[in-house]
Amino acid sequence: MKAHGRLVGDRRHAADKGRSHLLMGAALLLADISGPVTSASAQSSVPLPPVTVEAAAPKRKPATAVTGQAQRARAATAGQRNRNAQPAPPTASERAAAAAAALNEAKLGYRAMPDTTTLRSGASPLDTSQSVNVVPEQVLKDQLPRNLDDALANVSGVTQANTLAGTQDAVMRRGFGDNRDGSIMRNGMPLVQGRSLNAAVESVEVLKGPASLLYGIMDPGGIVNTISKRPELYQHGSVTLLGSTYANAKTGADGTLDITGPIGTDGLAYRFIGYGVSEDYWRNFGRHREMLIAPSLARYGPNTTVQLNYEHREFITPFDRGTAFVNNAPLAIPATRRLDEPFNNMWGTSDLIQASVEHRLNENWKLFAAYSYNTETFSANQLRITSVDAKTGIEKRSNDGTWGSLSNASYGTSYLQGNVWLGNMRNEVLFGGDGQYRTIYRDNLIRQATPNFNFYNPVYGLITPGTTISAADSAQTDKLGQWSLFFQNTLHVTERFALVGGARYMDYDQIAGKGRPFVTNTNVSADKVLPLGGMILKLTDEVSLYASYTLSAKPNSTIAPLANGGGVVLDSNIAPEEGTQYETGLKFDFNKRLSGTVAVYDIEKRNVLVGQLDAATGLNVYTTAGKVRSRGAEFDITGRLSDNWSVIGSYGYTDARVTEDPTLAGKKLQNVALNTASLYLVYDFGTALPGRLRLGGGARYVGDRPGDATNSFVLPSYTVADVFATYETKIDTLPVIYQFNVKNLFDTVYYPSANSILTVALGDARRFSLSATVKF
């Protein structure tokens with residue numbers, strides 16, 4: 001008899017049988033893996049591999065007083081029966097575990113394929129006419145990005161926009177974007193919560209360029225889709241504990257519990273993710289605390305997959321406007337020194353619930369329907385910087401704040417996807433509709449005078465949060481409703497050549513304004529038709545050329561009164577902003593290991609609101625005479641260079657500027673860098689060592705960017721390097737992964753974005769972290 005029950009008599013222990021099933025199934029999958037998908041999608045849309053299962057050994061009975069001849073006869077009969085017996089079929093749990101083991105190897109190699117929700121289809125990127133970039137699950141695990149902006153440093157043409165003092169996701173894509181612009185999605189459905197990257201997110205994807213055909217009202221830069229972790233049909237889990245430090249006694253800790261498995265034997269599965277963090281802010285005061293619970297359920301049937309997920313998040317985080325620039329340079333004070341007060345914080349809660357059903361009607365058609373409801377409430381205190389004197393150090397501040405902010409988005413979509421044959425030509429058809437109602441509301445806005453402050457000799461704690469409510473600034477309201485039908489068809493003219501065409505009919509209403517009594521500054525009710533066209537030429541099974549023509553639309557709106565003392569309302573006579581993009585490029589997917597895109601594009605956004613003084617009346621007249629253009633080239637790559645080396649890298653050239661405007665013509669767009677680049681390499685030692693050691697590192701570069709619309713100052717270029725190491729071993733029978741990360745290895749002081757010359761964001765200082773993950 002061996003320890004741990006490896007052999008008991010002549011019978012294998014059940015645990016060993018499970019391991020053999022897992023290994024044999026994984027080997028079958030690795031022999032010809034078609035590309036990584038989430039475990040949930042593997043279970044729902046890709047047949048799981050057959051798993052060879054050993055026949056159970058017959059149980060021994062107590063010895064009896066029988067003749068040796070009778071014993072031999074019975075033994076012969078039993079042996080014949082065992083030889084004729086068929087292997088027991090694998091259970092759903094065994095098959096799911098085998099599939100997951102093989103997929104995990106692909107994920108370790110940074111294999112990246114878009115989720116079906118991003119393009120509303122399961123088509124390969126080689127068979128689409130738009131550019132989609134993926135930050136895979138393993139990249140997020142290795143790099144440990146602090147927020148969405150950090151994760152998207154791996155994607156070309158992306159820079160940070162105004163993050164509202166570090167509390168909101170805000171990314172520029174191909175020159176366009178802002179916080180709360182409606183472009184951040186979860187599983188293809190819009191979010192309004194400030195931060196979308198959390199422990200429940202598996203991967204992040206960017207659909208570049210105008211995405212209005214699939215997503216409705218949008219800026220022309222594209223959308224960012226965060227993909228949820230899904231329940232899986234085999235029982236497993238992990239616990240992670242992490243400690244971190246920024247030096248100078250700025251420490252923190254967080255923990256994650258992730259457990260999933262089947263419920264019964266009929267395809268029902270659950271997942272539960274819990275996360276908590278408490279850490280010091282890297283500057284001279286502030287602390288970030290957050291709690292997340294994320295339960296989810298799924299039902300994987302032979303033709304129908306049902307998903308239900310919920311997230312509840314509570315948070316308090318520093319509300320930090322950064323520093324100020326004077327004479328095109330930052331204030332001459334340590335980067336750690338804040339210009340506000342310790343009470344500058346934002347605190348609140350967010351909730352997200354989503355449900356989806358995918359039903360395969362037959363071998364050619366499937367129906368998808370989904371609903372999402374997202375809400376976030378928060379309040380914030382802030383000392384707003386109104387002026388600085390670099391000689392004297394005198395800083396003027398306004399004691400401002402927001403009480404009772406409420407945002408919510410309700411969204412539903414349903415569409416049919418399938419194949420129709422016309423003669424010998426296959427048509428991939430997508431037809432459906434969606435509807436959204438979104439509200440962004442700020443109840444009480446605080447505006448209160450406060451004494452001056454000297455940032456050369458700061459004394460904190462002499463004032464308390466403001467309490468004076470400004471009626472004219474309160475009740476800030478932005479309500480948007482849209483209802484649409486969309487159609488897209490990919491016509492495969494030959495096996496190598498396809499044409500893409502589609503259109504969206506969109507009807508929308510928007511009301512925006514502020515004040516008590518309420519002043520309406522936007523009141524729009526209109527409709528719009530947005531076409532799409534493209535072509536795809538597959539040079540080989542691994543390389544394709546593509547070209548596309550796409551449009552976007554977004555109503556001109558403002559919550560604030562326009563000039564002339566108010567009274568000007570943006571209504572349906574003011575045309576919406578419209579974006580038009582021409583794009584062409586090359587996509588590759590070599591040996592299902594290394595994939596990427598090379599793209600060239602030209603975007604023009606017209607109908608940008610412009611105010612001009614009418615000399616005859618002395619009043620400002622508003623027209624949609626403005627135009628903005630963004631032209632560029634991009635390169636993205638991710639995957640395995642060899643059995644040991646993995647890579648994710650990008651380069652983006654973005655020339656974005658105003659082409660028509662009375663005062664801004666020729667100016668570059670704020671926060672948009674002409675050049676961006678990133679490269680991250682990982683070496684996997686595999687089985688060369690007793691455990692599995694992986695070492696990785698890389699850097700991201702962002703070029704000079706204008707800090708404001710008038711280009712009055714420039715944010716300097718920067719390069720930030722990160723490194724990590726993971727070591728996987730076993731303690732008793734449990735796999736354990738130790739991970740060490742250094743973010744901002746050289747402690748670079750950098751400025752990722754600016755809202756104005758007085759509100760310039762600072763990038764995080766060097767951060768060390770060490771974590772241990774126990775799998776079970």
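Predicted model: local features only at pLDDT ≥ 70, side-chain atom pairs only at ≥ 80, totals over all residues.

Select Tyr683 first: its relative accessibility is 25%, so the residue counts as partly exposed (buried means under 20% relative accessible area, exposed over 50%, and partly exposed in between, with a 1.4 Å probe and protein chains only).

Residues are numbered from 1 along each chain as its sequence is written, and side-chain values use heavy atoms, with hydrogens and water left out.

**Confidence**

Colour the chain by pLDDT, the predictor's confidence in each residue, from 0 to 100. The average is 89, and 88% of the residues score at least 70. Residues 1-77 have a pLDDT below 50, and this stretch makes 89 contacts in the model beyond near neighbours in sequence (contact means heavy atoms within 4.5 Å).

**Aromatic pairs**

The structure holds 15 aromatic pairs. Rings of Phe, Tyr and Trp (its six-membered ring) pair if their centres lie within 6.5 Å; planes under 30 degrees apart count as stacked, over 60 as edge-to-face and the rest as tilted. Select Tyr415 and Phe486, a tilted pair with 6.3 Å centre to centre and 55° between the planes. Tyr415 belongs to strand E19 (residues 394-422) and Phe486 to strand E22 (residues 476-492), 71 residues apart. Helices (H or I, at least four residues) and strands (E, at least two) are DSSP runs, numbered from the N terminus. Both Tyr415 and Phe486 are buried.

Return to Trp645 and Tyr683: the ring centres are 4.9 Å apart and the planes at 65°, so this pair is edge-to-face. Trp645 lies in strand E30 (residues 645-660) and Tyr683 in strand E31 (residues 675-684), so the pair ties together parts 38 residues apart in sequence.

Next, select Phe285, Phe453 and Tyr460, which form one aromatic cluster. At another site, the charged end of Arg120 sits over the ring of Tyr215, 4.4 Å from its centre. The criterion is that NZ of Lys or CZ of Arg is within 6 Å of the ring centre and within 35 degrees of the ring normal.

**Strands**

Show strand E17 (residues 345-360) and strand E18 (residues 365-388), which pair in the antiparallel sense over 15 bridges (two strands pair if DSSP finds at least two bridges between them). Four residues separate E17 and E18 in a hairpin, and Thr377 in E18 is the bridge partner of Thr349. E18 also pairs with E19, in the antiparallel sense and over 22 bridges; here Tyr373 stands opposite Ser410 in E19. The E18-E19 hairpin has five residues between its strands, and Gly393 in the turn has a positive phi of about 80°.

Move to the open sheet of five strands, which has mixed pairing and the order E3-E8-E9-E6-E7. Its edge strands are E3 (132-135) and E7 (189-190), each pairing on one side only. Within this region, strand E6 (residues 184-186) and strand E9 (residues 222-228) pair in the parallel sense over three bridges, with Asn225 in E9 as the bridge partner of Met185.

**Nonpolar cores**

Which residues touch the most other members of the largest nonpolar core? Select Val135, Leu148, Leu152, Leu197, Val204 and Val224, out of 22 residues in this core. A nonpolar core is a set of buried Ala, Val, Leu, Ile, Met, Phe, Trp, Tyr and Cys residues joined through side-chain atoms within 4.5 Å. Helix H5 (137-143), helix H6 (148-151), strand E8 (201-208) and E31 are the elements that give two or more residues to this core; E8 gives the most, with three. Neighbours within four places in sequence aside, Leu152 is in contact with Val135, Val158, Val171, Val204, Val206 and Val224. A second, separate core of 21 residues includes Ala211, Tyr215, Tyr415 and Phe486.

**Arg174**

Finally, select Arg174, in the loop between strand E5 (171-173) and E6. Arg174 is buried, with a relative accessible area of 0%. Beyond neighbours within four places in sequence, its contacts include Ser131, Lys208, Glu583, Tyr601 and Glu634. Ala633 lies 459 residues from Arg174 in sequence and 9.5 Å away in space, C-alpha to C-alpha.
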